Amino acid sequence: MGFRTINEANEAVIQKIIAAAPFLTDVVPAKSVIPELKEYVLLHAGPPMKYENMTDPMQGSCVGAILFEGWAKDEEGARDLLENDQITFIPCHHVNAVGPMGGITSPNMPVLVVVNKESGHEAYCQMNEGIGAVLRFGAYNEQVINRLHWMKDVLGPVLSKALRTLAEGLNVNVLFAKAIAMGDEFHQRNIAASLAFLKEIAPIITSLEDVEKEQCTEVIQFLADTDQFFLNIAMAAGKAMMDAARTIEHGTVVTAMCRNGENFGIRIAGMGDEWFTAPVNTPQGLYFTGYSAEDANTDMGDSAITETIGVGGMAMIAAPAVTRFVGTGGFNDALETSNQMTEICISENPNFVIPTWDFKGACLGIDARKVVETGITPVINTGIAHKIAGYGQIGAGTVHPPIECFEKAITAYAEKLGFKG
Amino acid sequence: MLYTIIKENTYKDSIVLMLLSNKLSAIDGVSKVSIMMGTPANKDIFKSSGLGTDELEKAKPNDIVIVVDTDQEQKVDEVKEEVEIALKGESDSQNTSKGQEAHNWKRAMELANNPNLALISIPGQYAAMEAENALNEGLHVFMFSDNVSKEDEVKLKQKAHEKGLLVMGPDCGTALIHGVPLAFTNNVNEGDIGIVGASGTGIQEVTTIIDRYGKGVTNALGTGGRDLSTEVGAITMLDSIKALNQDPKVKVITVISKPPAEEVQRKVLNLLRNIDKPVVTLFLGDKPSYQEENIYHAYTLEEAAVVAVQLSNGDKPNFEPTTADVNVVLKESQVGIKGYYSGGTLASEAAMLVRDAFKDTMTEEQSDRYVLKTNTHEIIDLGDDVYTKGKPHPMIDPEKRIEMLEKSVNDPETAVIMIDNVIGNGGHEDMASELAPAIKRILDSARQDGRQLAVLATVVGTAQDIQGYEKQMEILKESGAIICKTNDQMVRTAIQLICGKVEQPIVDVQKFDYTKENLAVDDKVMSFINMKPSVINIGLKSFTEAVQNSGSECVQFNWRPIAGGDEKLMKVLQFLNYYEGGTI
């Protein structure tokens, strides 16, 4: 593959992103598509890390996953396994997966399967559990574990059956395009996309012949209750898109952004699988009554894949409704944020046209060079977890990657191309 | 007590801030104040001037830092207010200027209409990189910035030469490109004399004298002071001479420089001997020991200008130095010449002539604060780095000169004081009115002390300069100064007053063998000097206005250090942005 300049390589990468055709095709047990996910193996969000360096909510998620898998009888047994290095950890990103918040994914959890039909890349993400006490925020009480079992036994198989009735699966780009025009930015706000998904899937579920009516009702009720259900679909779609873009292997476009509560990690096209990391920041935003910044956990989760493809905080202007919730002032601030993001991006994505932005396409292709040049870092919309496991989400806001990630990435790439000095 | 104010992420050019520093110093109750960008080098200046604070260390290169020394805390607010007003005024005036402005290369190239020249006046440590960026964009470069390393200069000029482009500078103060004045340049008639010069004020003195003789200069190409060093090897000068030679509108070529390294001088002369057009050279500091049939070797700036005019008229070269009439009675004890110059080359010329006149009787002291220093005479270039660190150039700021003038009167041995007033684009709007009261004061003070004093002044400028050549002379004359037409005349007048004389060189015509040179010039250079340039101005805003006022196109690039001023990252970015290779 011959590119004369970085700009040419970057252009090839963004063309690959535009050409991507993500389809949601199935929901399957994680272990059936991720061979590395054997007994006593867990996936986690962000760049590689050790158990001992995980923050409390992420460690709580590990306990919950072990209880769900039945590898230990109780919390004590689970902690024993974890503290004695009996559990192997792999970053989601290393096995074609992404995971929200802690991102802890175990072999029997059901995962969404999104296929990029342009390139053949598959990506996986566990399903959204709703809000309140949930595993991704570190909760592991009985209610959490029971819900995980229900998702494995009912939600997963029902959705799988429904999706398999579609010859090609569900075209995710169509859902993106519809919902961005209805005020979603796909990280903090997914209600329109989740409803659009429900609109597609509900008639199929009710017509499934080999599913009990009670289960159909439960599944539809769950989807109707879970405003953020589409976030995890968007994440898997983003991963499938960017993994295709990564095959260009040249240039300075950011192909992944993720965090694990300890470090923020990015990848750029020209440096392949290498992570460039720096300590994470703590999100800034608004808190639910009774909580404050003091209670906030550091930044975590693979969900920043949405910003990597140009939505989420990058497309703040698409979702004026959430700007106040994430702590910015209002429409004009959202406009300013998105306008500023164009300074670090190469182009705009014709697939994601934003009406509130005078029908401009969402930001496309974060150029690590431009981030370093301007000092403007991508803005990420995020939920804020309590720093103690089990409390769950306590607020929402925005967070920025540390600029050192980008500085390290472009320096390494320049050195790879022969830069000395 | 020291107070520190930091304005984050507000980049302003150092000249703007230096002028603001002066304004803030004038606030009553403020004993000392300085305002600069928070670069490591500037922090050192703060510290060495006794304004070092702990807060200062937190400032980043893109932050404006103000340190105030005052006993009255309420004065800090006053300073803050003044700063806000000044910075706001600055940005307001930016908004009202013609055309749009860019903040990065991409935008600048989009806004500009077929640009072919980058005018660079940003801080030295960043200038080389932006010059390279400009060359990569296919632009000729005029580097006003100084403090650029010699290695970088060599690299840039070699690259430019290979690409068929010219790099004027670094530390280039003056150039006329097809009649368009760049940086500190006078408005001069267009005409058939072409000039290449390694010195800014040298070019200004020669072009303005030519103008006053009714002739003109269409292209005066500056090379920067180090172009004729061994390492740089006169790359820009040689390319410029060839360009003027190829330009059919140029009748006479004039070359101005300090005496170059010997092998470089040989290279330059060899090229000139290949040329059929009449040539005037001035290697200021060398007394010519021979003439050539087609090359006139001049001794002073005025001589170079006058001979160029004569050759352009088709006359035989003939230069007769002159002196001005002076009615001053000096005491026997008054024997010293003092020269307080804003033009470096003018100071060098003065030193050269004084040395020539008194070489048998005087002993020089070595000091980097003086161009010439003996127990009686002193000639100072107040534009030298020693005097300008953290202060504006004396062509813009009269303060240092006034201080020197007032000090000089305390020395009863002083006979003559010489000052220059370089007007034109980039200069102070009315320097004569700033200097006049000081001149009056010292003349009065000497008189009260029972002695007379000769204050000689020369104005470097033309009738077309905004300050008004005649008006500036008139103001100085009224203050009691004796006006000399040129620096040559001023220095010879001073020497005569203390009974010295400079002999003009009497020389024979000699013939030299020379090796043949390829005189071909890249089309890009020819088209550059044959039309008004389309300029991208990176740095000082006032340069954009001067270019636009002369009817040329100019896009203002409001530069600020990228990557927060981190030099390694800037280099990484430059490497990636201009990387070319089939293998990535």
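What share of the contacts in chain B with a separation of 6 or more comes from residues 24 or more positions apart? I found that such residues account for 71% of them. I note for the record that this is a predicted model.

**Overall build.** I went through the secondary structure of chain B, which comes to 19 helices and 24 strands. The radius of gyration of chain B is 24 Å, close to the 25 Å that the globule rule gives for 584 residues, so chain B is as compact as a globular protein of that length. I also boxed the C-alpha atoms along the principal axes, and they fill roughly 70 × 65 × 40 Å. As for burial, 51% of the 584 residues of chain B count as buried.

**Helix α18(B).** Next I turned to α18 of chain B, residues 541–549. Its buried residues are Phe543(B), Thr544(B), Ala546(B) and Val547(B). These residues cover an arc of only 165 degrees around the axis, so they sit on the same side of α18(B). I then asked what they pack against, and the partners are β5 (117–120), β9 (180–183), β23 (534–538) and β24 (553–557) of chain B. After α18(B) comes Gly551(B), with a positive phi near 85 degrees.

**Glu293(B).** Last, I checked a loop residue. Glu293(B) lies between β14 (291–292) and β15 (295–298) of chain B. Is Glu293(B) buried or exposed? I make it exposed, because it has 11 other C-beta atoms within 10 Å, and the cut-off for exposed is 12 or fewer. Glu293(B) and Leu176(B) are 117 residues apart along the chain, and their C-alpha atoms are separated by 28 Å.

Terms used:
Residues numbered from 1 in each chain as written. Chains lettered and ligands numbered in written order. Predicted model: local features only at pLDDT ≥ 70, side-chain atom pairs only at ≥ 80, totals over all residues. Helix = DSSP H or I, 4+ residues; strand = E, 2+ residues; numbered from the N terminus. Buried ≥ 20, exposed ≤ 12 C-beta atoms within 10 Å, placed from the backbone. Arc of directions from axis to C-beta. Contact = placed C-beta atoms within 7 Å. Rg over C-alpha atoms; globule rule 2.2 N^0.38 Å.
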